Amino acid sequence: MESQTTYKRFRPAPYTPKMQLSWWWQKPTYFAYIMRELTAVFVAAYAVILLLTLRALSAGEAAWEAWTTTLQSPLSIGFHVVALLFAVYHSITWFMAAPTAIVLNVKGKPVPAKTLILAHVVIWIVCSAAIAGILLTR
Amino acid sequence: MQKTITIQVKRYIPEKQPTPFYQDYEVPLETKWGVLDALTYIKDELDGTLAFRWSCHMGVCGSCGMMVNGQPALTCATFLEEYLPGPICIEPLDHFPVIRDLVIDTDAFMGKLKYVKPWLIPAEERSVDDGENRQTPAELAAFKQYTLCINCLLCYSACPVVGLNEDFLGPAAIALAQRYNYDSRDAGQTQRHDVLLDHGGAFDCTLIGECSRACPKHVDPTGAIQRYKADGAMEFWKRLLLPRGAAKR
Ligand code: FES
């Protein structure tokens with residue numbers, strides 16, 4: 001990328017400050033951002049657990065029994081609670097960010113950000129309730 | 001009643017000392033003084049060697065941006081009273097090379113800005129005889145927000161991605177690219193896609209949103225970039241799936 005450097009010859013060396021490794025501790029908004037990015041780790045870990053569950057299911061009854069007992073250990077339950085919290089946090093930040101990318105005009109007027117967020121949250125709750133309904137009423 | 005306030009300035013005088021240092025100044029606490037007024041007082045009355053930029057003193061030229069207590073701000077639009085009892089720490093804008101004291105080197109940004117072609121690229125050459133290139137109010141509203149950018153670079157200082165990745169075009173440059181992309185008189189989208197889809201383009205943004213919080217003109221670069229990601233993703237798939245030529249249309 002080119003840039004004009006006409007004056008450089010007459011300038012003493014500029015000083016370029018380096019970013020500190022702890023930059024994300026310096027503002028609450030940076031911290032919230034890093035936490036949101038961290039949610040990916042938990043979502044990925046949960047995906048691995050889901051795959052292992054599928055493998056146990058296909059490996060027969062003994063494997064399945066062993067796997068479900070492992071899942072009931074306090075460590076596993078603790079992980080699931082933490083993962084759920086991170087997943088919920090991720091979803092909320094995602095819905096809050098939705099209006100930044102979506103510009104909707106209805107009858108020539110832009111739809112307010114709050115309405116867009118609300119619409120997303122309502123759809124999310126309806127879908128979650130539907131899935132929970134299917135799983136729990138069987 | 002407090003009569004003075006301490007201004008702590010991060011100074012850099014390359015010919016004297018190779019590293020920056022902090023210097024304290026005691027300035028009168030005048031009601032209605034902006035931080036810029038305090039710096040002007042220092043330069044006029046206390047220390048003529050202090051270097052900083054300013055011009056309009058009314059929040060439109062975009063040259064007085066500095067870090068005020070760690071937050072990027074236009075110093076002419078930031079008041080001493082907001083920081084009582086002080087001290088107020090003034091540093092050059094983050095993520096830029098510092099030439100002297102509070103003066104930063106903007107060359108890299110200027111290069112990036114030019115790179116996104118922030119000018120009208122009409123579909124056909126027009127001559128003066130063609131008359132005005134008219135727009136409806138709705139067509140103007142589609143991009144007007146992005147025209148309000150004053151290139152003050154506060155968004156660059158607010159953005160950690162800018163600090164971590166020197167190739168990133170940055171919030172203002174992408175918002176200004178969008179200012180032309182959404183202009184009904186412009187046909188330069190394809191050329192800008194080449195830049196914005198590339199390494200260092202819009203997809204290097206990780207959606208921290210700090211640029212929009214720092215923007216004194218409510219341009220909302222975060223929004224401009226996320227909207228581009230949607231448009232850019234469409235273009236990416238078009239270029240991948242459609243035969244050459246068709247996608248360029
Ligand atoms: S001096 Fe022009 S924006 Fe502050």
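Two strands count as paired if DSSP finds at least two bridges between them. In this predicted model, strands β3 and β5 of chain B are joined by two bridges. One of the residue pairs involved is V68(B) with I90(B), the latter in β5(B).

- Five strands of chain B form an open sheet in the order β2-β1-β5-β3-β4. The pairing is mixed.
- Strands β2 (21-28) and β4 (71-74) of chain B are the edge strands. Each has a single partner strand, so one side of each lacks a neighbour in the sheet.
- Neighbouring strands of this sheet are turned against each other by 35° on average, direction ignored.
- Helix α1 (35-46) of chain B packs on the sheet. This helix touches β1 (4-11), β2, β3 and β5 of chain B. Its direction makes about 95° with that of β2(B).

**The pairing of β3 and β5**

- Strands of a sheet pair through backbone hydrogen bonds, and they may do so parallel or antiparallel.
- Strand β3 of chain B covers residues 65-68, and strand β5 of chain B covers residues 88-91. The two run antiparallel.
- Which residue is the bridge partner of V68(B) in β5(B)? The partner is I90(B).

**The interface of chains A and B**

- Chain A gives 25 residues to the contact, and chain B gives 36 residues.
- One salt bridge is found across the interface. E210(B) pairs there with K27(A), with the closest N and O atoms 3.4 Å apart.
- On the side of chain A that touches chain B, the elements giving two or more residues are α1 (28-58) and α3 (74-101) of chain A. The largest share, five residues, comes from α1(A).
- That side of chain A divides into 13 nonpolar, six polar and six charged residues.

**Salt bridges**

- The count over all chains comes to eleven salt bridges.
- One of them joins the side chains of R100(B) and E15(B), at 2.7 Å from N to O.
- This pair links distant parts of the chain, 85 residues apart. R100(B) sits in strand β6 (98-100) of chain B, and E15(B) in the loop between β1 and β2 of chain B.

Definitions and conventions:
Residues numbered from 1 in each chain as written. Chains lettered and ligands numbered in written order. Predicted model: local features only at pLDDT ≥ 70, side-chain atom pairs only at ≥ 80, totals over all residues. Heavy atoms only, no water. Helix = DSSP H or I, 4+ residues; strand = E, 2+ residues; numbered from the N terminus. Axes fitted to C-alpha atoms, helices over the stretch in contact; angles between N-to-C directions. Contact = heavy atoms within 4.5 Å. Salt bridge = Lys/Arg side-chain N within 4 Å of Asp/Glu carboxyl O. Nonpolar A, V, L, I, M, F, W, Y, C, P; charged D, E, K, R; others polar.
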